[in-house]
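Let's take a guided walk through one protein chain. Have the sequence and the 3D view ready, and look up each residue as we come to it.

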Amino acid sequence: MMNKLGDEMYALCRELFPICRSITGDDFRQSLAILKTHIPNMKVFEVPSGTKCFDWEVPREWNIRNAYIIDPDGNKFCDFKKSNIHVVGYSIPVKNTVSLDELQEHLYSLPEQPEAIPYITSYYKERWGFCITHRNRARLKQGEYKVVIDSELKEGSLTYGELIIPGQTSQEVFLSTYFCHPSMANDNLSGPVVTTFLAKWLSYRKNRFTYRIIFIPETIGSIAYLSKNLSEMKRNIIAGFNVSCIGDDRSYSYLPSRQGNTLADRAALHVLKHMHPEYTAYSFLERGSDERQYCSPGVDLPVCSVMRTKYGCYPEYHTSLDNLNLVTPAGLYGGYEVLRRSIECIELNKTLRATVSCEPQLGKRGLYPTISMKNSYVQVWDMMNLLAYSDGSYDLLKVAEIIDTPLWEMSETINNLKSEGLLEIVNK
Ligand code: ZN
């Protein structure tokens with residue numbers, strides 16, 4: 001199972017990797033269309049350039065066809081067709097001949113990582129530029145350089161995808177992932193790919209909660225989405241996850257919501273503690289992606305982040321080295337599994353009350369193991385502990401924490417006690 005799902009997620013990463021996504025544009029639409037083949041019920045929305053969203057405005061739409069530089073000897077380099085991160089994202093069109101000194105003002109490289117092409121954008125200030133390895137930049141000699149960026153900035157729209165999977169109640173679990181970087185894998189193809197597979201899993205499941213799942217460009221996308229949907233989101237969302245940087249196979253990471261103790265935080269921490277106790281816990285003060293918007297003033301939704309290696313905390317971050325070697329099938333599957341378990345915990349989390357007075361006689365109900373095996377004693381104690389803490393005030397996540405058992409392993413015991421009339425549900 002692990003290899004199959006991990007391989008499928010990795011194959012989707014590979015398919016999406018070459019596309020030059022940005023916060024707007026046809027390549028974002030094309031990427032959504034590929035996801036739609038997996039989750040056909042996803043709806044695609046367009047928000048026109050100039051739309052006011054709180055303190056922000058949707059920018060003009062950017063599309064790019066080609067870009068390159070020709071050196072004084074006639075050699076082409078910084079070729080967009082070879083790597084789309086050679087161009088500064090949102091570069092204005094240019095076709096010019098410039099001296100090396102002038103060209104240098106438009107080049108970006110990383111002296112401390114001379115083999116890496118940096119990923120640079122300039123969404124809100126008009127400029128043009130190229131990103132280059134420092135090694136190649138150091139070789140440039142005096143002379144005339146021909147620069148070509150065949151791009152277009154126009155009144156258009158910002159595109160996003162939304163999938164609503166109805167459940168038994170209108171209360172919602174929210175998954176948000178962003179999709180606006182060109183060829184980079186952990187940040188951020190891993191997020192939409194893992195989220196797509198979570199959406200597929202949820203689509204086949206009978207869910208207690210409704211699922212609101214969005215595929216957006218980072219920052220302006222979450223701001224635009226919130227500005228359209230905030231009151232409904234405030235009313236319905238009981239837990240949410242920002243899904244980002246979830247495909248490498250190094251660490252597991254958790255970044256809390258502003259409130260810090262929401263259902264989403266509690267579920268994520270419960271799962272990480274049992275599955276990956278070596279995880280790294282960050283502070284809300286270290287936030288940097290769309291959890292900024294979801295936990296901002298006046299919004300303050302119960303949204304936390306579960307990641308593999310966090311954005312900004314690995315050397316390949318925002319460079320050409322964040323590629324398909326960094327993200328692995330096992331890394332993607334590990335991230336998927338932590339989020340799937342966290343969702344399972346939220347689905348299972350009810351408040352129960354023991355209906356029996358004093359200790360129940362388990363034997364006459366067929367609940368006491370008639371043969372004493374190594375784990376019989378543990379099973380009985382799990383039942384007794386569950387009954388002891390099912391006092392009508394603790395929810396199951398809290399009980400699971402106290403009795404130190406993964407919630408997703410308690411279903412059978414809960415069902416047995418319920419069917420024997422020893423436990424009842426206090427909340428639906
Ligand atoms: Zn990023």
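Predicted model: local features only at pLDDT ≥ 70, side-chain atom pairs only at ≥ 80, totals over all residues.

Residues are numbered from 1 along each chain as its sequence is written, and side-chain values use heavy atoms, with hydrogens and water left out.

**The whole chain**

The chain has twelve helices and 19 strands. Both are DSSP runs, numbered from the N terminus: helices are H or I runs of at least four residues, and strands are E runs of at least two. Along its principal axes, the C-alpha trace spans about 90 × 45 × 35 Å.

Of the 428 residues, 57% count as buried. Here buried means under 20% relative accessible area, exposed means over 50%, and partly exposed is in between, using a 1.4 Å probe and protein chains only.

Contact means heavy atoms within 4.5 Å. Among contacts with a separation of 6 or more, 81% come from residues 24 or more positions apart.

**The zinc site**

Which residues coordinate the zinc ion? They are His 181 (NE2), Asp 187 (OD) and His 318 (NE2), at 2.1 Å. In sequence, these donor residues follow the spacing H-x5-D-x130-H. Asp 187 sits in helix H5 (residues 185–203), whereas His 318 is in the loop between strand S16 (303–307) and helix H9 (329–348), so this pair links distant parts of the chain, 131 residues apart. Donors are N, O and S atoms within 2.8 Å of the metal (3.2 Å for Na, K and Ca), and water is not among the atoms, so sites may look incomplete.

Is Asp 187 buried or exposed? Asp 187 counts as buried because its relative accessibility is 2%. His 318, at 22%, counts as partly exposed.

**Salt bridges**

Side chains of opposite charge can pair when their charged atoms come close. A salt bridge here is a side-chain nitrogen of Lys or Arg within 4 Å of a carboxyl oxygen of Asp or Glu.

| Pair | Closest N and O atoms |
|---|---|
| Asp 26 and Arg 29 | 2.7 Å |
| Glu 172 and Arg 212 | 2.6 Å |
| Glu 344 and Arg 341 | 2.8 Å |

Glu 172 lies in strand S11 (residues 172–178) and Arg 212 in strand S12 (residues 210–216), so their bridge ties together parts that are 40 residues apart in sequence. Both Glu 172 and Arg 212 are buried.

Asp 26 and Arg 29 are three residues apart in helix H2 (residues 26–36), which means about one helical turn separates them. Asp 26 is partly exposed, at 42% relative accessibility. A network of salt bridges links Asp 26, Arg 29, Glu 46 and Glu 61.

Glu 344 and Arg 341 are likewise three residues apart, in helix H9, with about one helical turn between them. Glu 344 counts as buried at 15% relative accessibility, and Arg 341 counts as buried at 19%.

**Helix H7**

Helix H7 (residues 263–275) has 13 residues and reaches 18 Å from its first C-alpha to its last, close to the 18 Å expected at 1.5 Å a residue. The expected span is 1.5 Å times one less than the number of residues. Among the buried residues of H7 are Leu 263, His 270 and Leu 272. The buried residues of H7 pack against strand S13 (237–243), strand S14 (253–255), S16, H9 and helix H11 (396–403).
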